[in-house]
Amino acid sequence: MTSPEWKNALYFGDNLDILREYIPDETVDLIYLDPPFNSNATYNVLFREKTGEESAAQITAFDDTWHWDMSSEAAYRDVVTNGPSKLADLLQAMRSFLGQNDMMAYLTMMAQRMVELHRVLKPTGSLYLHCDPTASHYLKLLLDAVFGSRNFRNEIVWRRTNAHNNSRIYGRIHDTIFFYSKGSSYFFSPQVRPYLRGYVESMFVHEDANGRYRHADPTAEGVRTGDSGQPWKGYNPTSAGRHWAMPAYLREELEDRGEYTEGLSSQEKLDLALKHNLIYLPSGQGGQPQVKRYLSRRSGTPLQDIWAYQPYTEGVLWETDESIDEDVKWTQRPEKLSYPTQKPEGLLRRIIATSCPPDGVVLDPFCGCGTAVAVAEGLGRKWVGIDVTHIAIALMKSRLHDTFGEDLSEYEVIGDPKDVESARALATESQHDGRFQFEWWALGLVDARPAKKTRGADAGIDGSINFFDDNSGKAKRIIVQVKSGQVERGDVATLKGDMEREKADIGLFVTLVEPTEPMRQEAVSAGFYEPELYPGRLYPRVQILTIEELLSGEARAEYPRVAPQATFRRARRQRRREGSQGELI
């Protein structure tokens, strides 16, 4: 469980700045990152710096295509002059090969972040980088330069989607996950999946009072001169070019029976196993002892480096109706939150359970909709999430509260406005690119979903809220307009017209500046919304809410809350649970 003084955190901002300013050296046990690149995602709408230059974390609005610009040039010079020598040499070679293009811009930005991610990892920590084949070969070179090729552990292939029909190429259905450790003594708790039913039926053919079991060899290849090479019960492993090697599962079986093998010789360990009927001794000449491997709660196939859900294989796993690798099946309902690039919780559960100790810290520097954070919370780990958009922060907060309710650990949001002055500063910064960041943050104060828009007319709608107040199954709608500048009565009148056009039941007018009395009168003239099933409950059809009121808690949006509101797709309710202890490898 987490320590009492720890507080989980969501950070808004450029992850490079957050890492450098807030995350100390060697404080993180596990890093999972899923950095965007050319996925045609439409979730990062970002504003420019006051100078008009794009920051190092920013991507062209409504896609995630990176471009070489002044920020890329500055980042390149930073890595070459201040970064590790191997990384500096590699980046220069890449620039010579690739030139100044989108790919080089992306790799330069990633190089900067990899240096910081390596810094914040504990010596026993690990990093998992999730990517598609677009840039995976280049990213592996960067990881080799920062972490060292000797610390490369696995290239995991994950089947992310169902089969595709392509006429001129093979169907592209997989992503790549690179697993690196910071050093040789890294935390690793092996996870297992159920055996195939056919394997159990063909291999676990013996049975005694303890259940089904199969025979396993208690020796390993190679001659040893110590006690592991000496005879036991008349059996000499050296004569066969082998030595005694107690399997981990046999040690666990003995520990379950109150026997501990630390400091014992090979022969003493075998004596204990025989005492508990965990060894089979053949009666004939020339036979070798066999360990009884029971089909127990820990039985299963250790995870390999291909994680591929196999449709239509339901029931082929022992004692389960699941299909092969169904726990990492591509994201689907009820888990799906309609967020581009969302990954399934089962995928993150494998990674976190395997590579983060029970009281460890998980960091996701490209949070998105917060799957890593949510899974870390569910497994009882500490967590830190970073994202550069307020829409992601709002979605993560909604997801955490929907999923864990009162069981949610205490956390703080850092980098978002906490008072009117900081809200005004955000609005000023955001004016370079359509005030999207301020709008998204303000919409989060009323739990509204941002409207899909382009850099142009937004049809008077910045966001919306769906709610239910009857049993029809059809959601009612609230539309939201956000203003950061001067406002007047005509703005409220326009909102009323938008409500009529959009057939919205309620309209919210969220303003940074104090509304005028004529504005309030215009809002009052809209009357009230009265739910058909709840006569007498009246809600103003047009509501004016100031940022100051929302921040202080003096006001909130008023609408029927007799059923779960459906603005964001709701996450499934879960209980937090502790992870299992693993080993340092």
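This is a predicted model: local features need pLDDT of at least 70, side-chain atom pairs count only at pLDDT 80 or more; totals for chains, interfaces and linings use all residues.
**Entry 1: His243**

Is His243 buried or exposed? Its relative accessibility is 9%, so I noted His243 as buried. I found His243 in strand E11, which covers residues 242-244. Then I looked up what His243 touches, leaving out residues up to four places away in sequence. My list reads Pro218, Thr219, Ala220, Glu221, Gly222, Arg224, Ser228 and Pro237.

**Entry 2: Ser323**

Next I went to the loop between strand E15 (306-307) and helix H9 (345-355), where Ser323 lies. Ser323 has 0% relative accessibility, so I put it down as buried. Which residues does Ser323 touch, not counting those up to four places away in sequence? I wrote down Arg193, Tyr309, Gln310, Tyr312, Thr313, Glu314 and Leu317.

**Entry 3: The cysteines**

How many disulfides are there? I got a count of zero. For a disulfide, I needed two cysteine sulfur atoms within 2.5 Å. The closest cysteine sulfur to that of Cys367 belongs to Cys369 and is 8.9 Å away, so the gap is too far for a bond. Cys369 is in no disulfide either, with the sulfur of Cys367 as its nearest cysteine sulfur. Both turned out to be buried: Cys367 has a relative accessibility of 6%, and Cys369 has 3%.

**Entry 4: The nonpolar cores**

Today I looked for nonpolar cores, and the largest has 49 residues. Leu139 and Leu142 have the most contacts inside it. Which helix gives the most to this core? I found that helix H4 (residues 102-120) does, with 11 residues.

I then listed the contacts of Leu142, leaving aside its neighbours within four places in sequence. They are Leu87, Leu90, Leu91, Met94, Leu107, Met110, Ala111 and Met114. Apart from this core lies another, of 35 residues, and Trp383, Ile393, Met396 and Phe404 are among them.

**Entry 5: Helix H11**

H11 has 15 residues and spans 21 Å from its first C-alpha to its last, close to the 21 Å expected at 1.5 Å a residue. I counted 12 of the 15 residues as buried, so H11 is largely enclosed by the rest of the structure.

**Entry 6: The open sheet**

Last, I traced a sheet. In what order do its five strands lie? I read E19-E20-E21-E22-E25, an open sheet with mixed pairing. Strand E19 (449-450) and E25 stand at the edges with a single partner strand each, so one side of each has no neighbour in the sheet.

I went through the pairs one by one:

- E20 (residues 463-467) runs antiparallel to E21, joined by five bridges; Ile465 has Ile478 as its bridge partner in E21.
- E21 (residues 476-483) and E22 are parallel, with six bridges; Ile478 stands opposite Ile506 in E22.
- E22 and E25 (residues 542-546) are parallel too, over five bridges; Thr511 has Thr546 as its bridge partner in E25.

How well covered is E22 (residues 506-511), and on which faces? Six of its six residues are buried. Ile506, Leu508 and Val510 are on one side, with Gly507, Phe509 and Thr511 on the other.

In the loop between H14 and E22 I found Lys503. Lys503 has a positive phi, near 55 degrees. With a relative accessible area of 70%, Lys503 is exposed.

Technical notes
Residues are numbered from 1 along each chain as its sequence is written. Side-chain values use heavy atoms; hydrogens and water are left out. A nonpolar core is a set of buried Ala, Val, Leu, Ile, Met, Phe, Trp, Tyr and Cys residues joined through side-chain atoms within 4.5 Å. Buried means under 20% relative accessible area, exposed over 50%, partly exposed in between (1.4 Å probe, protein chains only). Helices (H or I, at least four residues) and strands (E, at least two) are DSSP runs, numbered from the N terminus. Contact means heavy atoms within 4.5 Å. The expected span of a helix is 1.5 Å times one less than its number of residues. Two strands pair if DSSP finds at least two bridges between them.
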